[in-house]
Amino acid sequence: MTSSIEKAAQRLEQLRKAGVSLAGDKGRPTEAAAQESAYLPEHAAHFAGMDSVEAQAAAHSKPGTKTVQIDLTALGASGFVTPNAPRSVTTEQYRVIKRPLLENATGKGASLVAHGNLIMVTSALPGEGKSFTAINLAMSLAMELDHTVMLVDADVTCPSVMTKLGLPPAAGLLDVLQDDKIKLSDVLLRTNVDKLTLLPAGLPHPRATELLASDAMTSLLDEMGKRYSDRIIIFDSPPLLLTTEARVLAGHMGQVVIVVQAEKTLQSQVEHALSTIESCPIKLMVLNQVRSSGLGAYGYGYGYGHERMVGERGPATAAA
């Protein structure tokens, strides 16, 4: 019994440190930054690159604080799409890529798509650029005048969205799934990009993949699809050939974007990945890091169906 109580107390302490407000926390003193950052290896790795002032600020985020500041200058310098950035090949290509997704999400496509606002970004294997693509797609969509965007880090065993955005780990998806006292609104993070909200993966959990395939996740997705029907929700999911949970998640999506790394991913691997999500109504593909001799840089292509993408040497056009 003592062991269970101790584990519960430790879990509550982790949630507090991640910024989740809990009953009875009012007036609770904040602990030293070194103690705050030591409870997870992910926190330690993140704080290692900060000076003491920055580390304390990140570790001591106040309970109830739901706004985070993304360093857009640093993000842009790393090759990501950012608001108000000069026009570039990357920003223009993402404008092209997002257009059919928006049409399907808003009911303006060729046919009505159920849960069209739920868009999963995945790949066959790790390292193909799915998280990079998910962030860029979310940023590009957030630049639209008439739409808001939620970016969900659903790659719960290997989360990277917060790290790529230069933000510390925080409570999120896993915490909502395992604790019915924590509501989705408790862990959503507003950002300094007006129309972009983040849902982090959450605190590490030994059964993270099972939680992703649980009934609680199904209920949460249903809630998100209905409650936030006017919002485009981007899910950065695990690779399709790495875990079966990604395939379960895909079954709840209205649209799936598969990222394929040029000159690396085999056609057989792409075909296998596609075969695992045959029931998904709309599947689009993005060819990442394709060498375009005309542009002298890496770029992106997109299309419907793997035949258009494998072996493509430049930005592709959509093929119905």
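In this predicted model, the side chains of Glu144 and Arg99 meet in a salt bridge, with an N to O distance of 3.1 Å. Glu144 lies in the loop between α7 and β3 (148-153), and Arg99 lies in helix α6, so the pair ties together parts that are 45 residues apart in sequence. The two partners differ in their surroundings. Glu144 has 16% relative accessibility and counts as buried. Arg99, at 34%, counts as partly exposed.

A second salt bridge joins the side chains of Asp236 and Lys130, at 2.8 Å from N to O. Asp236 belongs to strand β6 (residues 231-236) and Lys130 to helix α7, so this pair links parts that are 106 residues apart in sequence. Both Asp236 and Lys130 are buried.

Glu223 and Arg227 provide a local case. Their closest N and O atoms are 3.2 Å apart, and the two residues form a salt bridge. Both sit in helix α12; because they are 4 residues apart there, about one helical turn separates them. Glu223 counts as partly exposed, at 30% relative accessibility. Arg227 also counts as partly exposed, at 48%. Side chains of opposite charge can pair when their charged atoms come close.

Aromatic pairing was examined next. The structure holds 1 aromatic pair. Its members are Phe80 and Phe132, whose ring centres are 4.6 Å apart. The planes make an angle of 45 degrees, and the pair is tilted. Angles under 30 degrees would count as stacked, and angles over 60 as edge-to-face. Phe80 is placed in the loop between α5 (72-77) and α6 (89-105), whereas Phe132 is in helix α7 (residues 130-142), so the pair ties together parts 52 residues apart in sequence. Phe80 counts as buried, with a relative accessibility of 11%.

The largest nonpolar core has 44 residues. Within this core, Val152, Leu173, Met224 and Phe235 touch the most other members. Neighbours within four places in sequence are left aside in the contacts of Phe235. Its remaining contacts are Leu118, Ile119, Met120, Val121, Val152, Ala154, Leu221, Met224 and Met253. Another core, of 39 residues, lies apart from the largest one. Among the residues of this other core are Leu102, Val121, Leu151 and Val259.

Strand β7 (residues 255-261) is mostly covered, with 7 of its 7 residues buried. Gln255, Val257, Val259 and Gln261 point one way from β7. Val256, Ile258 and Val260 point the other way. The residues on both faces are buried. Strand β2 (residues 118-123) runs parallel to β7, and 5 bridges join the two. Within this pairing, Thr122 has Ile258 of β7 as its bridge partner.

Helix α14 (residues 267-275) has three named buried positions: Val270, Ala273 and Leu274. These residues cover an arc of only 100 degrees around the axis, which puts them on the same side of α14.

Ser214 was considered separately. This residue is found in the loop between α11 (208-212) and α12 (215-227). At 17% relative accessibility, Ser214 counts as buried, because the cut-off for that class is under 20%. Ser214 and Gln178 are 36 residues apart in sequence. In space, their C-alpha atoms are 9.8 Å apart.

Values for the whole chain complete the description. The secondary structure of the protein chain comes to 15 helices and 9 strands. The chain has 320 residues, and buried residues make up 50% of them. Contacts between residues at least 6 apart in sequence were also sorted by separation. Of these contacts, 71% join residues at least 24 apart.

Note on methods
Residues numbered from 1 in each chain as written. Predicted model: local features only at pLDDT ≥ 70, side-chain atom pairs only at ≥ 80, totals over all residues. Heavy atoms only, no water. Buried < 20%, exposed > 50% of the residue type's maximum accessible area, 1.4 Å probe, protein only. Arc of directions from axis to C-beta. Phe/Tyr/Trp six-rings, centres within 6.5 Å; stacked < 30°, edge-to-face > 60°. Core = buried A, V, L, I, M, F, W, Y, C linked by side-chain atoms within 4.5 Å. Contact = heavy atoms within 4.5 Å. Pairing = 2+ DSSP bridges. Salt bridge = Lys/Arg side-chain N within 4 Å of Asp/Glu carboxyl O.
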